[in-house]
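Me: I've just opened this one and I'd like to learn how to read it. Could you walk me through it feature by feature?

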Amino acid sequence: MTAQTGYPNHPKIAIYPGSFDPITFGHLDIIRRAIMLFDQVIVAVARNREKRPLFSEQERMEMIKNCVTDLPGVEVDCFHGLLVDYARKKGATAMIRGLRAVSDFEYEFQMALVNRKISEDLITVFLMTHDKYSYLNSSIVKELVSLGADVGCFVPAYVKERLYDKLRKK
Ligand code: COA
């Protein structure tokens, strides 16, 4: 095992991967907590073949960047391929995942175990989402916007504007 947390002066780097289509207050809550534990948190926008995202990778990254300007130590990036390979390239020793409800657990547990099997260097760290965001996901926000609801309590103002531009001007 070559986990870099063993070196005293090595910065502790964590990856927070996800689709972020778009980022919500739930994700931001996790990022804020993660940066209290690590020197650097890389929010990594993933290309997920099973999902057809509303926003391009560049747009998703741009929205995240706009939301984390007050959080030193948070970097925004995107990746393709295996997460463990990307984490190794970045020198990260941990992957952050948010747990919202018991229903998340089975999928997250499977993903953590598979990642551990293919790379023992990457430790999965689960953070509990604040209960006020425990029911939230990006699909619900998109559906609400397309049906004319105000999503100001779920996403930052900048993201809300981008959603309205995309979904209401169609
Ligand atoms: N607050 C609000 N919503 C949250 C949330 C939180 N704290 N945490 C997760 N969500 C929502 C997301 O918005 C997303 O909603 P959507 O389905 O409506 O878009 C949903 O939960 C799924 O979360 P996400 O974090 O985007 O996971 P994912 O399943 O899309 O992606 C990856 C998971 C990217 C980490 C995974 O697919 C991966 O590692 N891919 C790389 C390839 C690889 O290595 N595969 C092997 C893995 S075992």
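This is a predicted model: local features need pLDDT of at least 70, side-chain atom pairs count only at pLDDT 80 or more; totals for chains, interfaces and linings use all residues.

Me: Where does Phe20 sit?

Reply: Phe20 is in the loop between strand 1 and helix 1. Its backbone deserves a look too. In general, most residues other than glycine have a negative phi, and most peptide bonds are trans. Here, phi of Phe20 is near 50°, a positive value in a residue that isn't glycine.

Me: And which residues are joined by a cis peptide bond?

Reply: Asp21 and Pro22 are, with omega at about 5°. Pro22 belongs to the loop between strand 1 and helix 1. Asp21 has its place there as well, with strand 1 covering 13-18 and helix 1 covering 25-37.

Me: Is Asp21 buried or exposed?

Reply: Buried: the cut-off is under 20% relative accessible area, and Asp21 comes in at 5%, so it counts as buried.

Me: What does the side chain of Asp21 pair up with?

Reply: Two partners to look for. A polar atom of the Asp21 side chain lies 2.8 Å from the backbone nitrogen of Leu54. The side chain of Asp21 also has a polar contact of 2.8 Å with the side chain of Lys142. If you set aside neighbours within four places in sequence, Asp21 is in contact with Pro53, Leu54, Phe55, Arg60, Ser138 and Lys142.

Me: Lys142 turns up there, so let's follow it. Which helices does the contact involving Lys142 bring together?

Reply: Helix 5 and helix 6: Val141, Lys142, Val145 and Ser146 in helix 5 meet Leu163, Tyr164, Leu167 and Arg168 in helix 6. Sorted by class, the residues of that contact are 5 nonpolar, 1 polar and 2 charged.

Me: How do I describe the way two helices pack?

Reply: Two packed helices are described by the angle between their axes and the distance between the axes. For helix 5 (residues 138-146) and helix 6 (residues 157-168), the angle is about 60° and the axes are 9 Å apart. Helix 5 and helix 6 are therefore oblique to each other. As for handedness, helix 5 passes helix 6 in a right-handed crossing.

Me: Which way does helix 2 run relative to helix 6?

Reply: Begin with the angle again. The axes of helix 2 (residues 57-67) and helix 6 cross at roughly 155° and come within 9 Å. That angle is over 145 degrees, which makes helix 2 roughly antiparallel to helix 6. The residues that meet are Glu59, Glu62, Met63, Asn66 and Cys67 from helix 2, with Tyr158, Val159, Arg162 and Lys166 from helix 6. By class, this contact has 4 nonpolar, 1 polar and 4 charged residues.

Me: Can we finish with the strands? Where is Arg97 found?

Reply: Arg97 is in strand 4 (residues 94-99). At 14% relative accessibility, it counts as buried. The side chain of Arg97 makes a polar contact of 2.8 Å with the side chain of Glu108. A polar atom of the Arg97 side chain is also 2.9 Å from the backbone oxygen of Pro17. Beyond four places in sequence, the residues that Arg97 touches include Gly18, Tyr107, Met111 and Phe126.

Me: Where does Phe126 lie, then?

Reply: Phe126 is part of strand 5 (residues 123-128). Phe126 counts as partly exposed, at 30% relative accessibility. Apart from neighbours within four places in sequence, Phe126 is in contact with Arg97, Leu99, Glu108 and Ala112.

Me: What would an exposed residue look like, for contrast?

Reply: Take Arg49, in the loop between strand 2 (40-46) and helix 2. At 83% relative accessibility, Arg49 counts as exposed.

Terms used
Residues are numbered from 1 along each chain as its sequence is written. Side-chain values use heavy atoms; hydrogens and water are left out. Helices (H or I, at least four residues) and strands (E, at least two) are DSSP runs, numbered from the N terminus. Buried means under 20% relative accessible area, exposed over 50%, partly exposed in between (1.4 Å probe, protein chains only). A polar contact is a pair of N or O atoms within 3.5 Å; within protein, one must be able to donate a hydrogen and the other to accept it, and residues adjacent in sequence count only if both atoms are side-chain atoms. Contact means heavy atoms within 4.5 Å. Axes are lines fitted to C-alpha atoms, for helices over the stretch in contact, and angles run from 0 to 180 degrees between N-to-C directions. Angles under 35 degrees count as roughly parallel, over 145 as roughly antiparallel, 65 to 115 as roughly perpendicular and the rest as oblique. A crossing is left-handed if the near helix is turned anticlockwise from the far one by less than a right angle, and right-handed if clockwise. Ala, Val, Leu, Ile, Met, Phe, Trp, Tyr, Cys and Pro count as nonpolar, Asp, Glu, Lys and Arg as charged, and the others, Gly among them, as polar.
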